[in-house]
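Open the model in your viewer and switch to cartoon. This tour goes from the whole chain to single residues, one selection at a time.

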Amino acid sequence: ILDEVAKVMRENATMEIRIEGHTDSDGAATVNLALSKARADSVKGYLGRSAIQPARMRAVGLGETSPLGENRTPEGKSINRRVEFHITKD
């Protein structure tokens, strides 16, 4: 998936993105916030090593604040541990 994102960004030289890291609700909220930021930073680093200029990307950690699934089930927790990409400039 990351290679595909890098390819699209290389093909669209003015595109800018926000990379959002998310977690489930296990653990302390402050730890999850740091973990989600580290997750987004890791993706940004990978894309940077794939010839995408860091200035075209913004990495943010949202912790457990935006769940997609129920944090009471293993399946829901798995869905909540994710990275999302949002185009901020075409």
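## The whole chain

Colour by secondary structure: the protein has three helices and three strands. Keep in mind that this is a predicted model. Follow the cartoon from the N terminus, and the elements come in the order α-β-α-β-α-β. Orient along the principal axes; the C-alpha trace spans about 40 × 20 × 20 Å.

Of the 90 residues, 33% count as buried. Take the contacts between residues at least 6 apart in sequence: 71% of them join residues at least 24 apart.

Next, select residues 16-21, which are strand 1. Strand 1 and strand 2 run parallel, and five bridges join them. In general, strands of a sheet pair through backbone hydrogen bonds, either parallel or antiparallel. Arg18 has Arg58 in strand 2 as its bridge partner. Ile17 stands opposite Met57, also in strand 2.

From strand 1 the chain crosses through helix 2 to strand 2, a β-α-β crossover that is right-handed.

How many of the five residues of strand 2 are buried? Four are, so strand 2 is largely enclosed by the rest of the structure.

## The nonpolar core

Hide the surface and show side chains for the largest nonpolar core, 12 residues in all. Type in this list:

- Val5, Ala6 and Met9
- Met15, Ile17 and Ile19
- Ala40, Val43 and Leu47
- Ile52, Met57 and Ala59

Helix 1 (2-11), strand 1, helix 2 and strand 2 each supply at least two residues of this core.

Centre on Met57. Leaving out residues up to four places away in sequence, Met57 touches Met9, Ile17, Ile19, Lys44, Leu47, Gly48 and Ile52. Among these, Met9, Ile17, Ile19, Leu47 and Ile52 are core members too.

Select Ser50 and Ala51. Ser50 sits in the loop between helix 2 and strand 2, and Ala51 is placed in the loop between helix 2 and strand 2 as well. Which of the two is buried, and which is exposed?

Ser50 has 16% relative accessibility, under the 20% cut-off, so Ser50 counts as buried. Setting aside neighbours within four places in sequence, Ser50 is in contact with Ala6 and Arg10.

Ala51 has 59% relative accessibility, over the 50% cut-off, so Ala51 counts as exposed. Check its backbone too. Ala51 has a positive phi of about 75 degrees although it is not a glycine.

## Last stop: Thr14

Jump to Thr14, in the loop between helix 1 and strand 1. Thr14 is partly exposed, with a relative accessible area of 47%. Which residues does Thr14 touch, not counting those up to four places away in sequence? Select Arg56, Lys89 and Asp90 to see them.

Finish with one more distance. Thr14 and Asp24 are 10 residues apart in sequence, yet 33 Å apart in space, C-alpha to C-alpha.

Terms used. Residues numbered from 1 in each chain as written. Predicted model: local features only at pLDDT ≥ 70, side-chain atom pairs only at ≥ 80, totals over all residues. Heavy atoms only, no water. Pairing = 2+ DSSP bridges. Buried < 20%, exposed > 50% of the residue type's maximum accessible area, 1.4 Å probe, protein only. Right-handed = clockwise from strand over helix to strand, strands pointing away. Core = buried A, V, L, I, M, F, W, Y, C linked by side-chain atoms within 4.5 Å. Contact = heavy atoms within 4.5 Å.
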